[in-house]
Structures are given as structure tokens and as C-alpha cells.
Amino acid sequence: MNRLQSVILGLVLYYLCSISPTFAEVTNHQIFYRQDKRAPLTKIDIVFLGAGKNQEPSSQNGLAEIASKLIWKGIEKRGDIDPLAVLGTELYVFANATSLTISVSTLSENCAESIERVRDFIHNFEFSVSDLEDVKNREVTNYRNDRERYTTNLMRNFALARTKGIKKLRSLKTLKNLSAKDIRQYYDRLLKTEVVFFKVISNRDSTEVAKLLRPIIEGRETRRQAGGFVHSLAPSEANYYFGPSAFVFENYSNLKNVFCYWLIPYGSIGERNYISPMISMTLGRYLYKYFREELGLVYSTVCNYRSSRNIRFLEIYADPQLQNSEELIAKMSDFIRGLPDNPRFWEGIKELRENSNVVYAHVHERLTPQRRLDDEVDRAIYNPATSKGGYDSVTDAEVRAFLEKFFVPENMIMIFVGPKDKIIDILNKHLPEVDIRVHDTKELIE
């Protein structure tokens, strides 16, 4: 495999493990199973679908995360950790965008006893107000640590929240206001969740695993109570043109670089196509070659497609040294606007199509049981749209239409971290039409 194929392979693997397509229904108590006989181990994820962060109201931002950590604290207080450790069992409780998950990893021979203990604490969860305050105080510290690290996720989300109206990732105000009543109401809904399913990797046969999961399923089969979580997420409004915006954050470190991000929103979760990964993979190679190898303006540059809450966007990153920042910012902005008529970009799209069949063959050879399982679950939950022929089915005209619609100044959100006055001078000189917004990093978590 040549260098281009290796680069594309890594990006495709990333894509397969991070897709966020259209919504579908998953059968209640469905078991997604992969057998792995390499070791006598069983891993079971109990997934409460719909109980995740995206389903929280804005007034309760952080609720699912706090609940997951409080459940873990409850397990500790019950004294279950040491007995489970004797059984060779580890537990994890975590919330993601769509779900709350209780993950059980254990020796297969002790699976039944471990599951019985898990079922018992699920149905007998208790906490005190002091437990809640302790968990909230720890989370406040985590929020502040995230801010001190200038976490890119927080800055991306903050910029999109201010321009696209999505919910912030962090909010100290709502976190501090979460009450014991909020947690109890959340947990009551959790027990009534419409769909609970299982992800399993085990050396044991699937029929054996199904029998082992009976304790979790019992009592839920005939109880279809109202008021539980339902997996749903309305598409965002397709309002892309709000004018170019630049969010500037002061960098107080001794680093002599300016960290630059260009965000290009192009849709919501549920609008899946091949065009965004094609652009990402093509630019991933071209940007480095042009801005690093040919112009020498940056240490690194990357193009990825991402999502925050329900917004999907392409992100271009570059990190010029201070003395190169003016030239880089001006040239990158021109580069993005001129992409539809850039012949080298179209050469890269052609190369991508020519190598795609070889790349996908290597991708499927390298998928682990866990990755295959995750991919199957994603397909079942989101029902991704497919297109016969892959990248070959996407025409140059479709790619051009995408670029002409979204790669325009009025759809561009920029984020800069560095010396504030220097960045503002550059923007006023080269991009006078941009709405410049200067923020303190503490606003990321307020």
C-alpha cells in the first residue's frame, strides 16, 4: 500500500468509527453479539437508549453525566466493587450523546453472578443529598480543568452555540442548580426507558449469553410504562448563512503559535452523504503539502468532519508561528473560498476515487470484533443512507455544488487562540467583513 492509500485508510477507519447517520428504531432488549474465543471473557454493555446528553433540556445541561457518576458512587457505597473484583469483574457507567450505558467486563464463568449483582443495584439505586453535592463539586473541578486546557471541543461548541443556537457542552450554572429531585426524576425515567439493548463480546455462545441476560430483562418485558426515555432528535434548522464570524480567545502561555480553526457547517445529524468525507480526505493530504511543505507557514494542518450536538461541520485546523500568522490566515481564507476552482483539489478527488476500492478492502480486514460490533449498532440505531458505488457514485458536479453552497464566507465560523490584539489587527486588515467576537475562556463553562 502506497503513502496515499495509507493516509486514506486511517481516515476511513476514523470515519467508520464516528459516523452519525439517520435515526431508526432498535428492538427492545435486542442483543448485538460478537463471538471472540481468544480469551474466556465476556463484555456486556447495557444501553439505555434516549437517556443521553442530547436529550437533556438546556435548563438541565449536565444531568446525564451527573447521574452516571452518582450511579457509580452508589455502587461504591453499596460495597459491590470488591465482591465484583473477586469475580474478575469491572464496571463502568457513562453517558454519551444518545444513551446511558452500564458496562460489565467479567470472566465468562462468573458472568451470571456478576449480572445478578448489576441487576440488583439497578433496581435498588440510592443516594443522599451529600452524595450529589460531592459529585457536583468534582464535576465543577473537571469543568474548570477543561477550561484551563483550552479544550478545542469546548471552543467549537461555544462558537456553534453562539451562531447556530445549539446547547453548550458545559454550564456551571445549570450544573450547580441540579437538585436531588432532578436526579430522581431522571432515574425514574431511566428505569422506564422504552428501548434497552445489549452489546456483547464473549467466548460463550449467543444462546448462553441470552440466558445470562434474563435477570436484566425480567420485569421489563411486560411493563411498558409511560414517561420513560425515547430516542429522538429533531433535525436542526438548515440556516447556514449568518455571516462570517471570528471567535478570538487570548492565549496567555509562552507558546509562539496562533491556533486557527475554520468551521464550515453543512447539515444536521441525519443528513449523511459521501461528499464531506471525500472533501476531508482530499484536503487532509493537500493542506499539509501546500501550507507546510510548499509555503512553510505551519507546523501541522488537518481537515476533519465532526459534529457538536446536532450540527455537522467540516473543520480545517492550522498552527502558524506568530510571525507567519498574518500570511496564513489571509491565504487560508482565500484558499477555502477558491476551492471550487482549484485544479489540485480536483486531482485529489480523482485520486481518492481511484484508490477507494483498495482502501476499503484493507479497512474491513483490520476491523476488530469491537469495531465491527460498534459499526453494527450504529447502523441499527441510525439506519445510514447508502449509495451503490461509494465515492464513484458522487459526481464532480455534486461536489462542486456542495462547495459552492457551504464553502462561502457567510457560512464560515473561525476560532483563533493567540495574542488578541494581533489577531484582531489581521482580521480587520484582511477580512473586514467578519464579525469579531472576543471572549474569555471562562465563558466556555459559565
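Guide: We will go through some strands, a helix and a few aromatic rings. Keep in mind that this is a predicted model.

Visitor: Strands, then. Is strand 4 enclosed or open to the outside?

Guide: Strand 4 covers residues 99–107, and seven of its nine residues are buried, so the rest of the structure largely encloses it.

Visitor: Which way does strand 2 pair with strand 4, and over how many bridges?

Guide: Strand 2, residues 41–49, pairs with strand 4 in the antiparallel sense, over nine bridges. For one example, aspartate 45 has serine 103 in strand 4 as its bridge partner.

Visitor: And what about strand 3?

Guide: Strand 3, residues 90–95, also runs antiparallel to strand 4, and six bridges join them. Leucine 91 has valine 104 in strand 4 as its bridge partner.

Visitor: How many residues sit between strand 3 and strand 4?

Guide: Three residues, and the two strands form a hairpin.

Visitor: New topic. Which residues of helix 4 are buried?

Guide: Cys111, Ser114, Ile115, Val118, Phe121 and Ile122. Looking down the axis of helix 4, these buried residues fall within an arc of 130 degrees, so they line one face of the helix.

Visitor: How far apart are the ends of helix 4, and what span should its residues give?

Guide: Helix 4 has 13 residues, 111–123, which should span 18 Å at 1.5 Å a residue. The C-alpha atoms at its ends are 19 Å apart, which agrees.

Visitor: Now the rings. How many aromatic pairs are there?

Guide: A search of the whole structure gives 16. One of them is tyrosine 290 with phenylalanine 335, a stacked pair at 6.2 Å centre to centre, with 25 degrees between the planes.

Visitor: What does that pair tie together?

Guide: Tyrosine 290 is in helix 11 (residues 275–294) and phenylalanine 335 is in helix 12 (residues 325–337), so the pair ties together parts 45 residues apart in sequence.

Visitor: Is phenylalanine 335 buried or exposed?

Guide: Phenylalanine 335 counts as buried because its relative accessibility is 8%. Tyrosine 290 is at 21%, so it counts as partly exposed. The cut-off for buried is under 20%.

Visitor: Last one: what lies over the face of phenylalanine 229?

Guide: Arginine 189 does, at 4.2 Å from the ring centre.

Conventions. Residues numbered from 1 in each chain as written. Predicted model: local features only at pLDDT ≥ 70, side-chain atom pairs only at ≥ 80, totals over all residues. Heavy atoms only, no water. Helix = DSSP H or I, 4+ residues; strand = E, 2+ residues; numbered from the N terminus. Expected span 1.5 Å × (residues − 1). Buried < 20%, exposed > 50% of the residue type's maximum accessible area, 1.4 Å probe, protein only. Arc of directions from axis to C-beta. Phe/Tyr/Trp six-rings, centres within 6.5 Å; stacked < 30°, edge-to-face > 60°. Lys NZ or Arg CZ within 6 Å of the ring centre and 35° of its normal. Pairing = 2+ DSSP bridges.
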